[in-house]
Amino acid sequence: MNVLAISGAGQGIGRATAQHFSQQGYAVSFCDLDEQAGTEALADLKKRNAKALFEKADVGDANDVARWVQRTIDELGDFLTLPVAQFDRVIGAKLRSVFLCSQAFARHMTKRDSIGSIINIASLRAFMTESGWEAYSASKGGILGLTRAMALSLGPKIRVNAISPGWIEVADWKRSDLAVTPHHSKKDNEQHPVGRVGKPADIAEACQFLAERAGFITGQNLVIDGGMAVQVIFE
């Protein structure tokens, strides 16, 4: 059985992606810092007869990541040596978490006979952003650079790609006490050439494509934004 390991899957895009892959026959291991959200997401997967486990973990903490990875390997079956301290001096917490999770899982994935796939979630804000988003934009831009380098370091045993979502509505994918039904104005929808705001399923389906049907694709970034970034809007 194929195993999907995904961080931050208690809510939002992560939760939708976990659900999508479970319906494709994957065993799902996920972590989240929000225990209530993670517990609810796990219960939902179990109701769908999915093989899944949830670990409360801070993916910015090397010990938490190691515990989650080991439990994944022990319970679900099957991811090299850049010092974390050196990495921390250069990169912020959001990028550090991608590094830690990828490195930990790669140690196990490289031992398998099959070709593995790592998919990093960046953001459209790596390319276009706003005042006040400096740290977030830098972290997401860093993910793209890390993705390209990892594709070289881990190939051919592991393919590494990134997805940069645009506006993806997750209000209805939050934990039960926070979830609300989203509403988008005509203007919101018209910002997107496809005619609507994005949904978590749009990202989940792209993840499946990169994981299963993209054997000749590595080191790339897939922008999924409904075409929003290709148009100029004058107001």
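This is a predicted model: local features need pLDDT of at least 70, side-chain atom pairs count only at pLDDT 80 or more; totals for chains, interfaces and linings use all residues.

User: Let us start with confidence, then. What is the mean pLDDT of the protein chain, and which elements have the lowest and highest values?

Analyst: pLDDT is the predictor's confidence in each residue, from 0 to 100. The mean for this chain is 89, and 91% of its residues reach 70 or more. Among the elements, helix α4 (residues 84–90) has the lowest mean, 56, while strand β5 (residues 158–165) has the highest, 97.

User: How do I read a sheet? What is the order of the strands in the open sheet of three?

Analyst: Look at the strand order, then at the pairing sense. Here the order is β1-β2-β3, and the pairing is parallel. β1 (3–7) and β3 (52–56) are the edge strands, each pairing on one side only. On average, neighbouring strands are turned by 15 degrees against each other, direction ignored. Five bridges link β1 with β2 (residues 27–32), and I6 has F30 as its bridge partner in β2.

User: Which helices pack on or lie across these strands?

Analyst: Helix α1 (residues 12–23) packs on the sheet and touches β1 and β2, with its direction at about 175 degrees to that of β1. Helix α3 (residues 62–76) lies across β1, β2 and β3, running at about 160 degrees to β3.

User: Let me stay with α1. How do I check its span, and is the helix mostly covered or mostly exposed?

Analyst: At 1.5 Å a residue, the twelve residues of α1 should span 16 Å, and the end C-alpha atoms are 17 Å apart, so the two agree. For burial, α1 is mostly covered, with ten of its twelve residues buried. Among them are G14, A18 and F21. Their cover includes β1, β2, α2 (35–47) and α8 (200–212). After α1 comes G25, with a positive phi near 95 degrees.

User: Back to β5, the strand with the highest mean pLDDT. Which residues lie on each of its faces, and what does β5 pair with?

Analyst: Both faces are covered: I158, V160, A162 and S164 are buried on one side, and R159, N161, I163 and P165 are buried on the other. β5 pairs in parallel with β4 over six bridges, where I121 is partnered by I163. Four bridges also join β5 to β6 (residues 221–224), again parallel, and the partner of S164 in β6 is V223.

User: How do I read a loop residue such as T110? What does T110 touch?

Analyst: T110 lies in the loop between α5 (93–109) and β4 (116–121), and T110 is partly exposed at 30% relative accessible area. Leaving out residues up to four places away in sequence, T110 touches K157 and I158. T110 and K157 are 47 residues apart in sequence but 5.9 Å apart in space, C-alpha to C-alpha.

Definitions and conventions: Residues are numbered from 1 along each chain as its sequence is written. Side-chain values use heavy atoms; hydrogens and water are left out. Helices (H or I, at least four residues) and strands (E, at least two) are DSSP runs, numbered from the N terminus. Two strands pair if DSSP finds at least two bridges between them. Axes are lines fitted to C-alpha atoms, for helices over the stretch in contact, and angles run from 0 to 180 degrees between N-to-C directions. Contact means heavy atoms within 4.5 Å. The expected span of a helix is 1.5 Å times one less than its number of residues. Buried means under 20% relative accessible area, exposed over 50%, partly exposed in between (1.4 Å probe, protein chains only).
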